[in-house]
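I opened this notebook to keep track of what I look up. Entries follow in the order I made them.

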Amino acid sequence: MLRRLDTTALVYIALIIVLIIGAILVSTTGRNLFSPGNIRDILTGMSVLGFVAIGQTLVILGASLDLSVPYVMSLASLTAAQTMDGRDGMVIPAVLLTVAITALIGLANGLFVTVLGVHGFVATLGVGLMLKGYLDTNYQGTEGEVPWSFQLFGASGIGPIPISTIVMLGLAAVVAFILVRTTFGHHLFAAGGNAEVARLSGVRERLPIIGAHIGSSVCAGFAGLLLASRLGVGSPTVGSQGTYDLLSIAAVVLGGTVLMGGRGSIWGTIGGVAIFAVLDNLMSVMQFNPFLKDVVRGLVIIVAVALYARRRIIARRIRFAQAPQGPNIVAVARPDADGKPGQDSTVTEEGSRA
Amino acid sequence: MRTGLKPVLRTAVAVVGASALIALAGCTTDPTVEPGGGEGGGEDSSEEWFDQELYDRQFEERDVVPDGPEDKPYLQMISPEMGDTSEFESDGGKKMCFANASISNPWRQTGWITMNEQLKDLKKNGVITEMETRDAQDNDDTQIADIDYFISEGDCDGFIISPNSTSAITPAVERACKTDKPVIVFDRGVETDCAVTFIHPIGGFAWGIDTSQFLIDNLDAGDKVVALRILPGVDVLEQRWAAADKLFGEADIDVVDYFTEGDPAEIKKVVSDELAKGDVQGVWMDAGDGAVSAVEAFEDAGKDYPVMTGEDELSFLRKWKETEMTALAPVYTNFQWRTPLLAAEMIFNGEEVPTEWVLPQSPITAEDLDEYLDRNEGMPDGHYAKFGGEDLSGFPEVWQDRVIP
Amino acid sequence: MTSATGHPQSVRAQSAPSRSGQSRLGVGDRMTEWGRRALDPKGIVVVLLIVILLAIIVLNPSFAEPGSLMRFIQRVAPIAIVAIGQYFVIVSGEFDLSMGAVVTAQVMTVGHLVGVDESKTVPVLFVLVGIGILVGLINGLATTLLRVPSFIVTLGTMLVIHGAIMWWTGGVATSNPAENFRQIGRGGFENIPLIDSIPYAVLVLAAVILLAVWLSRRPFGRTLTAIGDNSAAATFAGSRVWWTKTSAFVLSSLSATVAGVLLVGFAGVHPSVGQGYEFTAITAVVLGGVVLGGGRGTVLGALTGAFTLEALFTLLNFTAVPATMRDAIQGAIIIAAVAYSGVVFARRRKRSRTSTSTNSATTSADPTTTSAESAPSTPSTGGDGAVRQ
């Protein structure tokens, strides 16, 4: 049964299981997991991490990583809040400026990774540190002011569903569409799955990777905009407060995307983000000791990914006595990284190895 | 993914389209969310942390003899302006909702333990019968969500908020105020005065004044002071430094500052390097829980002990006692964690509380040192001497074993 | 997109003949040879280290005194040991993000268990080693047998270990441990002629280096490199990939344990000791020319990286650079170092491709090469021997 399901479906099954357990546990405290306020809390928790994780999915599909996201988020929140400075008329220019600046950071990341051949881990760690230095040197605290019209983005909702979550899901739909239906998407899967094969088959493997990095930074920029909207100010530490770098990577992998690139989906990622959000909500309602929350998060990450990996092993129908255990998130695409675009559900893993 | 995604995609596009239409037709803002009156208080800049008016006020408050019972420092208040709370007077057990910034450092952990012991004792009176806590783990966004959750789901009779940061939490605090239930803010402030009471010790400037004045009094002009700071951008810490930096400059003390993230290994490296450059006569800290390694750097380099200001954390007090160095332990009053629950009880009883409840914040000097060491015998190193929970029923085991709920 | 950095095989292959003929070379040739080696991706880190050390000495001449140098090595010891541990994991193609949490956990455990009782020092040391081995086994087995990417496994164990230790200790140290425990990281042999004193930490570091270099030249080390280079090839050759990798994780956790013991002495017991060590260690390793993704790099490279990084921080302390700019400088340097070796290496690859067609260095950019195709690149490494076993 497990064998026939694609990973994304498995993620949502996991989510449903978490929801059921959550509903039972929450009801023991006399609350309701599905009350409007609680749904709003869960979805709000999803929005920021969701934006970041959508971008992170792109780079991970391209067999890279983005560790600079927390600082891009902080910078975006400051850029937006300072440009708006409380004026309604400046909302659109501020958003455009933020997108432009974050895109430039993403371009830098992408160029370091492709042209200079710096591993994504190192390149984005380095860019992140440089941004941190800039933020710490130039900002001593919160700055700027977000006008009320833009605060509505983070504060309003349709019934219990925050506008920000809807925008995040809209972005997910757009990105998913790009991945599945455009040349860029196919090339990204190809380049992430196996750069050499991609090159031999005529894909210029650098462009999709650069594009993925730009996408990741811009998504982090959106997350920063949302945070500015919710906080009402820009903050130089708001990105690092949430350890969004590691959490977003964890959410992407929890969503079934393979850390070494070439295979995965945006909707899986959204599922992963939702699992984290429900779990966080559950632990908060149950008033868990904050230290134990981290213990639970860590265990869930390991156990869930172990289950997916287990399934993959069964599904693969091992050709060799022992399937090669490749480097984990190396830019090096392994021979068995099944890198054909959009094959998640159409081609079974064993087929693509042949 | 192609076939698997298509329906999902279509649904998603449909959902987004439909919701966009709904949104355009009549944007239904959450009823609890409205434009706040505060709007950041109009103060647009935090470029400079130095604020002359606040500095002057805190300078004076340091010498004011507080009102209130002498043996209960957590109920004392400096120059209070009492506010009427009769609108909140009511009978029956009350549930408080506490939005905590975090318990990620020893100071907050100690306070959190004390607060829980205070809660246990208060339950016996039958006024405050329950407290629900959400911990934001140092994240502004989480804390805003926590407060919104309490407003809609918490079934709260009152709110206690320990803000993670000043401006960012302001709108959420205003939303809590709109519920017409009493809101108590403590530790860091917010840019609105809608809360019934804002409980805090005198403040960061007072800390900076006390500490730098002590170093200036014990050093000569031209002497070198190393300032060890935790992080940039945190208002309570930046204010301590702003005041100290100003006074050091006026007294012609040569001061150099570093950020160490409170890591003793980093502190030791920084101090060792400064000692390699030349003699250091003084050490100033904006929070004292890595102080011992700074002292040890002097020992390992074979240099004389500096004149030093740390904090009332026990590891520093014990090292001070052992070395008999010239030191001062400034206090960022830890017993303020008791006051919010006591204030809540007063509010539901209709008793007046100060609109701004300023608690005393007096440093531990060489004369007090022995007394505070005696009082805290058996406590762990990371405990804070002026935690003020000696009369609570869990004393001393709960603090000794550091039972964190 | 690839991480084509230092490549010991090709370096060794190219420099070996010239080295054997070195005695016959003239001074000029030798200078050229030195220059070429200095510009080599591995050499450049050494050059950078020397430049930084010289800059420190110019700013502060007393740094060159033996006593100061010893204290400097003592200070670098914990991070160098952690970097060496991380090296074993990275060279096998994995990551260990849990190191910082392990350091913190060990430090806090010492603070919680030893107390003022000197006789508890030795038993507690055994407990620490036990914790270290356990964490390494969990990381390694989850990575190899459960097939969870090590980045995710160790991210998970990082959260679990840190959360658990904070919960257990209540977030603070009970007290610094007995003095004899702290002496390991703080004390040393005094009154040694010429160099004044030898901190114990320096001796511990020396022992760790010797052990690590020895291990890396044993079949174990060669297999590890071979696995990182091409795990399929190593598997075909019959090496027990899962066990070798798990051992690397155990070595990594044990090195974090040793670093923790030293830090208890150097810094004292505090919950923020060890914070961020995983990233510092990875940065140091990468700076030392070890390639993320495995298969290339040396213990001494990782060691040099750690010293360079720590020397850089020291230099920044000696200059008037604002404290907030340190991160930015660190970020720029690691990108520059890795980019430099990548570019140099790419150029060399081009050259060697045109000159020799068969023995061209297979870079990580050419991952499609099956085990058979990549075999020609391995003869000069030790890994090949192990693979054939």
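Predicted model: local features only at pLDDT ≥ 70, side-chain atom pairs only at ≥ 80, totals over all residues.

Helix α12 (residues 244-254) and helix α13 (residues 266-285) of chain A have axes that come within 7 Å and cross at roughly 115 degrees. Axes here are lines fitted to C-alpha atoms, for helices over the stretch in contact, and angles run from 0 to 180 degrees between N-to-C directions. Helices (H or I, at least four residues) and strands (E, at least two) are DSSP runs, numbered from the N terminus.

Which hand does the crossing of α12(A) and α13(A) have? I found it right-handed. A crossing is right-handed if the near helix is turned clockwise from the far one by less than a right angle, and left-handed if anticlockwise.

Next I listed who touches whom, with contact meaning heavy atoms within 4.5 Å. From α12(A) come A:L247, A:A250, A:A251, A:V252 and A:L254. They meet A:T269, A:G272, A:V273, A:I275 and A:F276 in α13(A). I sorted these residues by class: eight are nonpolar, two polar and none charged. In this scheme Ala, Val, Leu, Ile, Met, Phe, Trp, Tyr, Cys and Pro count as nonpolar, Asp, Glu, Lys and Arg as charged, and the others, Gly among them, as polar.

Then I turned to chain C and chain A. Their contact takes 60 residues from chain C and 61 residues from chain A. Together they bury about 5200 Å², 74% of it on carbon and sulfur atoms. Buried area is the accessible area (1.4 Å probe) that two parts lose on being put together, summed over both.

How many salt bridges cross this interface of chain C and chain A? The rule (a side-chain nitrogen of Lys or Arg within 4 Å of a carboxyl oxygen of Asp or Glu) finds one. It joins the side chains of C:D327 and A:K132, at 2.8 Å from N to O. On the chain C side, α7(C) gives the most residues, 14. By class, that side has 35 nonpolar, 20 polar and five charged residues.

I searched the whole structure too, and 40 salt bridges turned up over all chains. One pairs B:E132 with A:R31, the closest N and O atoms being 2.3 Å apart. B:E132 sits in strand β3 (residues 128-135) of chain B, and A:R31 in the loop between α1 (7-28) and α2 (36-61) of chain A.

Last, I checked the backbone. The peptide bond from B:F395 to B:P396 is cis, with omega near 0 degrees. B:P396 lies in the loop between α12 (366-375) and α13 (397-400) of chain B.

A note on conventions: residues are numbered from 1 along each chain as its sequence is written, and chains are lettered from A in the order written. Local features need pLDDT of at least 70, side-chain atom pairs count only at pLDDT 80 or more, totals for chains, interfaces and linings use all residues, and side-chain values use heavy atoms, without hydrogens and water.
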